[in-house]
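Let us walk through this structure one region at a time. Keep the sequence and the 3D view open together.

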Amino acid sequence: MNEEQTSLLLHSCSRFPPPKGVRLSYGTAGFREDASILQSTVFRVGILAALRSLKTRSVIGLMITASHNKVSDNGVKIADPNGGMLSQDWEPFADALANAPTPEQFLQLLTDFVKKENIPFDGQQSAEILLGRDTRPSGGSLLEAAKQGISSIIGAVFYDMGIVTSPQLHWMVRARNKGMKATELDYFDQLSSSFRCLIDLIPYGSGISKTVDDILVVDGANGVGGEKLEALKKMLDDLVIDVRNCGKGSGILNEGVGADYVQKEKVIPQEFGSMDVGLRCASLDGDADRLVYFSVPSNVSSYINLVDGDKILSLFAIFIKEQLSILQEAADEKVKAIHHARVGVVQTAYANGASTEYLKQLGLEVVFTPTGVKYLHDKAAQYDIGIYFEANGHGTILFSESFVASLETIKHEPSSASIEQHNAVLRLLAVSKLINQAVGDALSGLLMVEAILRYMGWSIQKWSDLYQDLPSRMLKVKVVDRTAVVTTNAETVVAKPPGIQEAIDAETAKYPQGRSFIRPSGTEDVIRVYAEASSQEGADNLASSVAKLVD
Ligand code: NG1
Ligand code: ZN
């Protein structure tokens, strides 16, 4: 590192002292804390993003968001060249950088890492970072800190993409690295045109062209998603969307609204009520990477009928499976090969047991990973078509590049496939363009759900009736040190502290269809408790007795 670079780093770093008495950790979704203590962290992540760009010789993303957390929190995460999350082997370095107490120690860490990773750091190579943030009021000043961090690396430049959803930024990074156009308009264009393509491919006479519940009502969590959906819907004729909680009124981000609230509390979000009985409703989270659907039941109650990520996954799986089965009788070898695609479904321990049972009955290969998109995403990427979802509504469908190439070949070359077989191939291709290949994306997921429901001719009720969820309860317990709990087997078994797993097993055995597990949250200072049983009362009781074991 030359002298100019060293003094630039030391000087700028000294203007962003780290918070005292806080241990920062790059968790399942980057760093997340109260926004007031994040200046130094975001500044340092700016530097980290520049290093990542130098190392990978690609465009990198930096997103400032705390997703579904309360409005006073914020966070920062990095998007890798393929649009996915930061490679896991860099996370310990991210932790170390964020926690270095002095500018000198920070510089030492940086110098050692640059050497170890062989990062071209001679001021000759350029680095490029796309910046994005959600609507949080703290976002503006944190973005400044990120810019200062990037600017303290000679040769690094940033492009401010403004207020965007997390999936938009991830999509843009991926698109840029593929040499594609990557503005917000390009994103909207791709989503709306592939949606149109799927609708046009619905066989004549099947499906509901227009039904009473054809309007979709969306809860935007008072965040960025609602605002973007308002813009996107202008490009979608044929789909009537009423967006509420778009953050323009007095409502507060994620307070009594949004996918996390709706999924965890199972209650009607603000601005929704008896006028929505029977309508198809959806909820996005604060940065629009999660999506759940729900309906308001006709009986007077504050509870909703939740259609969660597991049911979105099931709907997607049914559709994909149906397209592949259309190709079963194909005479053309290339088309027949599509029928034999390796399809994998990826879930976490939070998936409702009834969904796993249902997916297995469909004959699908279901695998489990620990919580956190990065784990699910990596697993799903091992298949030709990998469908992953967390129960909370974060998920997508990944298509391998070679599989998409085969679909493209069939699209463009003459084959002996029948029209319906050819259309099935075109549908799969449209899905691969509609559904975000970088991360879970509430906006693209929503269009996918809408297209499939129309193709199937299903109401939300019909979709919801695919299977009955087992009653479940999620609790969180505040603890002094959440890292004291260590889990194994995709988080279903507690390895440490000793004795707890046996106690959980003993409690679980008391309930028919009982299942329970605990794990430290990666985004909050809590231990999460999950329980399932044949009755709601059973799930509630099991969860609270397991919570007592942790307290
Ligand atoms: P933690 O706080 O680690 O449970 C939560 C979600 C994850 C994931 C991350 C990132 C649950 C139970 N956990 O993680 O699935 O979405 O936030 O946002 O919903
Ligand atoms: Zn989110």
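Is Tyr 187 buried or exposed? Tyr 187 is buried, because its relative accessibility is 0%. Keep in mind throughout that this is a predicted model.

Stay with the aromatic residues. The structure counts 16 aromatic pairs. In one of them, the ring centres of Tyr 187 and Phe 188 are 5.7 Å apart, and the planes meet at 55°, so the pair is tilted. Elsewhere, Trp 90, Phe 93 and Phe 113 come together as one aromatic cluster.

Now turn to the sheet. Strands in a sheet pair through backbone hydrogen bonds, in either a parallel or an antiparallel sense. Here, five strands make an open sheet. Read across it, the order is β1-β3-β2-β4-β5, and the pairing is mixed. Which strands stand at the edges? They are β1 (31–34) and β5 (156–163). Each has a single partner strand, so one side of each has no neighbour in the sheet. From one strand to the next, the twist averages 15°.

Look at the β5 side of the sheet. β4 and β5 run parallel as a pair, joined over six bridges.

Side chains of opposite charge can pair when their charged atoms come close. The structure holds 33 salt bridges. One of them joins Glu 128 to Arg 176, with the closest N and O atoms 2.6 Å apart. This pair links distant parts of the chain, as the two residues are 48 residues apart. Glu 128 sits in strand β4 (residues 127–133), while Arg 176 sits in helix α6 (residues 166–177). Arg 176 counts as partly exposed, because its relative accessibility is 33%.

Another bridge shows a local arrangement. Asp 260 and Lys 264 form a salt bridge, and the closest N and O atoms are 2.6 Å apart. Both residues belong to helix α9 (residues 259–265). They are four residues apart, about one turn of the helix. Asp 260 is buried, because its relative accessibility is 16%. Lys 264 is partly exposed, because its relative accessible area is 22%.

Arg 244 is buried, because its relative accessible area is 16%. Asp 242 is partly exposed, because its relative accessibility is 26%.

Next, find Ser 283 in strand β8 (residues 280–284). Ser 283 is buried, because its relative accessibility is 0%. What does the side chain of Ser 283 make a polar contact with? The partner is the side chain of Asp 219, at 2.4 Å. A polar atom of the Ser 283 side chain also lies 3.4 Å from the backbone nitrogen of Ala 259. Neighbours within four places in sequence aside, the contacts of Ser 283 include Gly 258, Val 262, Arg 290 and Phe 294.

Finish at helix α12 (residues 353–361). Its buried residues include Ala 354, Ser 355, Thr 356, Tyr 358 and Leu 359. The buried residues of α12 pack against α10 (309–326), β11 (343–347) and β12 (365–368). At the start of α12, a side-chain oxygen of Asn 352 comes to within 3.0 Å of the backbone nitrogen of Ala 354. After α12 comes Gly 363, with a positive phi near 90°.

How values were computed
Residues numbered from 1 in each chain as written. Chains lettered and ligands numbered in written order. Predicted model: local features only at pLDDT ≥ 70, side-chain atom pairs only at ≥ 80, totals over all residues. Heavy atoms only, no water. Buried < 20%, exposed > 50% of the residue type's maximum accessible area, 1.4 Å probe, protein only. Polar contact = N/O pair within 3.5 Å; in protein donor to acceptor, adjacent residues only side chain to side chain. Contact = heavy atoms within 4.5 Å. Salt bridge = Lys/Arg side-chain N within 4 Å of Asp/Glu carboxyl O. Pairing = 2+ DSSP bridges. Axes fitted to C-alpha atoms, helices over the stretch in contact; angles between N-to-C directions. Phe/Tyr/Trp six-rings, centres within 6.5 Å; stacked < 30°, edge-to-face > 60°.
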